[in-house]
Amino acid sequence: MAKKSKIKVAETNNYIVTWLKEYAVKAKINGFVIGISGGIDSAVTSTLCAQTGLTTLCVEMPIHQEVNQMDRGKEHIEQLKKRFPNVKSTTIDLTSVFETFKKEVSASENESNHDISLANTRARLRMTTVYYFAGIHRLLVAGTGNKVEDFGVGFYTKYGDGGVDLSPIADLMKSDVYQLSDYLEIPKSIQNAAPTDGLFGDSRTDEEQLGASYDELEWAMREVEKNKTADNFIGREKKVFEIYINLNTINQHKMKPVPVCIIPEYYKNC
């Protein structure tokens with residue numbers, strides 16, 4: 001597969017920070033709130049927001065979270081607060097809220113999509129929480145999705161981690177985010193950790209869920225942009241390409257605007 005692209009990290013960093021600050025100032029907002037997962041995307045996003053000098057609130061929201069994920073999140077927040085006086089943090093344990101919800105919908109436990117629906121509920125509870133803080137502190141919710149997740153395979157929860165006010169890294173591939181993370185001195189524990197959405201309360205990785213690595217999916221995304229088809233490839237490349245096409249197809253409902261039923265004028269002018 002083709003080599004990964006490289007970005008001009010310093011210039012890209014400065015461009016995003018300027019974009020964030022200008023957007024917030026124009027909106028007359030105090031700063032940003034970011035959900036911290038212990039992963040690379042939220043670490044990079046929060047560091048970019050912190051560089052604006054505006055209030056940057058990092059929120060940890062564990063729900064039966066793996067200890068190592070929480071530890072990485074705490075490590076990141078602590079080093080970020082030492083580097084930037086405008087960074088604040090809070091931890092809201094949503095485990096009991098989640099358990100109450102599960103109890104109320106327990107009649108659905110035997111349905112085939114129960115597990116994935118509960119996983120998405122975790123993301124939606126977190127979205128509700130960050131918007132609570134956004135409301136009381138006049139902050140913007142900064143999204144943490146990258147390009148291959150947001151516009152390639154749709155690997156996020158609709159109205160969960162996909163519910164944001166602005167997306168500072170959504171035009172960067174995952175590999176670009178890693179390049180920025182090194183420049184931004186993100187803790188090595190985060191840079192070296194296998195990406196995971198943490199929505200199932202276990203250690204399953206994104207690659208295990210997706211069936212391909214981010215490097216592979218980035219390759220497939222670029223090949224699609226060249227109008228290639230599965231017939232152009234064999235072996236692992238063909239398999240990855242098909243995985244990408246399948247995910248991109250079934251997740252279009254996330255990546256396209258909500259459809260609106262437009263009523264013909266004929267029905268409105270009686």
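Q: Which residues make a nonpolar surface patch of about 360 Å²?
A: This model is predicted, and the answer should be read with that in mind. Tyr15 is found in helix α1, which spans residues 9-26, and with a relative accessible area of 63% Tyr15 passes the 50% cut-off and therefore counts as exposed. The nonpolar surface patch of about 360 Å² is made by Tyr15, Trp19 and Tyr23.

Q: How many residues of helix α2 are buried?
A: Helix α2 covers residues 40-50 and is mostly covered.

Q: Which element gives the largest share of the largest nonpolar core?
A: The largest nonpolar core has 30 residues, and those with the most contacts inside it are Leu20, Phe32, Val44, Leu48 and Ile186. Two or more residues come from each of α1, β1 (31-36), α2, α3 (67-83) and α7 (174-183). The largest share, six residues, comes from α2.

Q: What is the angle between the planes of Tyr132 and Phe133?
A: The structure holds five aromatic pairs, and Tyr132 and Phe133 form one that is edge-to-face, with 5.3 Å centre to centre. Phe133 has 11% relative accessibility and, because this is under 20%, counts as buried. The angle between the planes of Tyr132 and Phe133 is 75°.

Q: Why is the pair of Trp219 and Phe233 edge-to-face?
A: The ring centres of Trp219 and Phe233 are 4.9 Å apart, and the pair links distant parts of the chain, with Trp219 in helix α10 (residues 214-225) and Phe233 in the loop between α10 and α11 (235-250), 14 residues apart. Trp219 is buried, with a relative accessible area of 5%, and Phe233 is likewise buried, with a relative accessible area of 8%. Planes over 60 degrees apart count as edge-to-face, so the pair is edge-to-face because its planes lie at 70°.

Q: Over the ring of which residue does the charged end of Arg204 sit?
A: In another place, the charged end of Lys254 sits over the ring of Tyr156, 5.4 Å from its centre. The charged end of Arg204 lies 4.0 Å from the centre of the ring that it sits over, and that ring belongs to Phe200.

Definitions and conventions:
Residues numbered from 1 in each chain as written. Predicted model: local features only at pLDDT ≥ 70, side-chain atom pairs only at ≥ 80, totals over all residues. Heavy atoms only, no water. Patch = residues over 30% accessible without salt bridge, like charges linked within 9 Å, V, L, I, M, F, W, Y side chains within 5 Å. Areas by Shrake-Rupley, 256 points an atom, 1.4 Å probe, with all protein chains shown as cover. Salt bridge = Lys/Arg side-chain N within 4 Å of Asp/Glu carboxyl O. Helix = DSSP H or I, 4+ residues; strand = E, 2+ residues; numbered from the N terminus. Buried < 20%, exposed > 50% of the residue type's maximum accessible area, 1.4 Å probe, protein only. Phe/Tyr/Trp six-rings, centres within 6.5 Å; stacked < 30°, edge-to-face > 60°. Lys NZ or Arg CZ within 6 Å of the ring centre and 35° of its normal. Core = buried A, V, L, I, M, F, W, Y, C linked by side-chain atoms within 4.5 Å.
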